[in-house]
Amino acid sequence: MADIEMLLLDAEEKMDKSIAALQRDFSKIRTGKANPSILNDVKVDYYGVPTPVTQVGSVSAPDAQSIVVKPWDASILKEIEKAIQTSGLGLNPMNDGKIIRIPIPPLTEATRKDLAKNAKKVSEDNKVAIRNVRREAMEELKKLEKDGEISEDELKRYSDDVQKLTDEYIAKNEKLAREKETDIMSI
């Protein structure tokens with residue numbers, strides 16, 4: 001029975017990680033509001049080492065329409081500005097010699113629809129990952145039943161437990177996806 005409990009806990013842990021990854025991916029998708037986390041993947045050439053912007057200065061959103069990067073070392077302002085411009089985020093940073101101010105332009109309807117479509121794709125990919133965890137757990141249960149470690153009735157009961165877990169995490173995924181889509185589409 002300890003093997004079964006470990007199998008179920010392992011499946012739940014993997015599904016938790018999948019939801020956490022979905023939340024990280026969603027945080028990188030722009031909405032109409034300023035969100036410092038969109039800069040998480042932007043790397044600055046800091047003395048020859050690609051370093052995340054968040055590690056070379058403080059990143060904040062003083063209002064809903066701008067992000068501010070205040071570097072700890074003012075000598076890298078130009079590198080931060082260049083990294084943001086070339087990041088593919090479509091942002092145009094402004095360097096005032098002390099900080100980098102990044103105005104967040106309002107999203108057009110077409111851009112909103114594209115971002116919502118991207119969020120839906122990310123959500124679908126995450127559902128596939130959750131279903132893969134379910135498949136792995138089911139295969140392991142069938143192997144235990146084949147090896148005579150659990151009965152056919154136990155296989156059915158534990159399979160139902162895995163399915164309930166899967167349904168729970170798919171529902172979490174769908175809730176997050178609806179929230180993100182609402183966030184993207186709201187003006």
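This is a predicted model: local features need pLDDT of at least 70, side-chain atom pairs count only at pLDDT 80 or more; totals for chains, interfaces and linings use all residues.
Contact here means that heavy atoms lie within 4.5 Å of each other. Leaving aside residues up to four places away in sequence, Ile-150 touches Ile-4, Leu-141, Leu-144, Glu-145, Leu-155 and Tyr-158.

Ile-150 also belongs to the largest nonpolar core, a set of 30 residues. Within this core, the residues with the most contacts are Ile-4, Phe-26, Ile-29, Leu-141 and Ile-150. At least two core residues come from each of helix 1 (2-27), helix 3 and helix 4. Helix 3 gives the most, with 10 residues. Another core, of 18 residues, lies apart from this one and includes Val-69, Leu-77, Ile-102 and Ile-104.

The arrangement of helices 3 and 4 can be described through their axes. Helix 3 spans residues 109-146 and helix 4 spans residues 152-185; their axes come within 10 Å and cross at roughly 170°. Since angles over 145 degrees count as roughly antiparallel, the two helices are therefore roughly antiparallel to each other. The contact of helix 3 with helix 4 comprises 15 nonpolar, 6 polar and 12 charged residues.

A separate local feature concerns the backbone at Tyr-47. This residue lies in the loop that joins strand 1 (43-46) to strand 2 (49-52). Most residues other than glycine have a negative phi. Tyr-47, although not a glycine, has a positive phi of about 55°. Its relative accessibility is 63%, and because exposed means over 50%, Tyr-47 counts as exposed.

Terms used. Residues are numbered from 1 along each chain as its sequence is written. Side-chain values use heavy atoms; hydrogens and water are left out. Helices (H or I, at least four residues) and strands (E, at least two) are DSSP runs, numbered from the N terminus. Buried means under 20% relative accessible area, exposed over 50%, partly exposed in between (1.4 Å probe, protein chains only). Axes are lines fitted to C-alpha atoms, for helices over the stretch in contact, and angles run from 0 to 180 degrees between N-to-C directions. Angles under 35 degrees count as roughly parallel, over 145 as roughly antiparallel, 65 to 115 as roughly perpendicular and the rest as oblique. Ala, Val, Leu, Ile, Met, Phe, Trp, Tyr, Cys and Pro count as nonpolar, Asp, Glu, Lys and Arg as charged, and the others, Gly among them, as polar. A nonpolar core is a set of buried Ala, Val, Leu, Ile, Met, Phe, Trp, Tyr and Cys residues joined through side-chain atoms within 4.5 Å.
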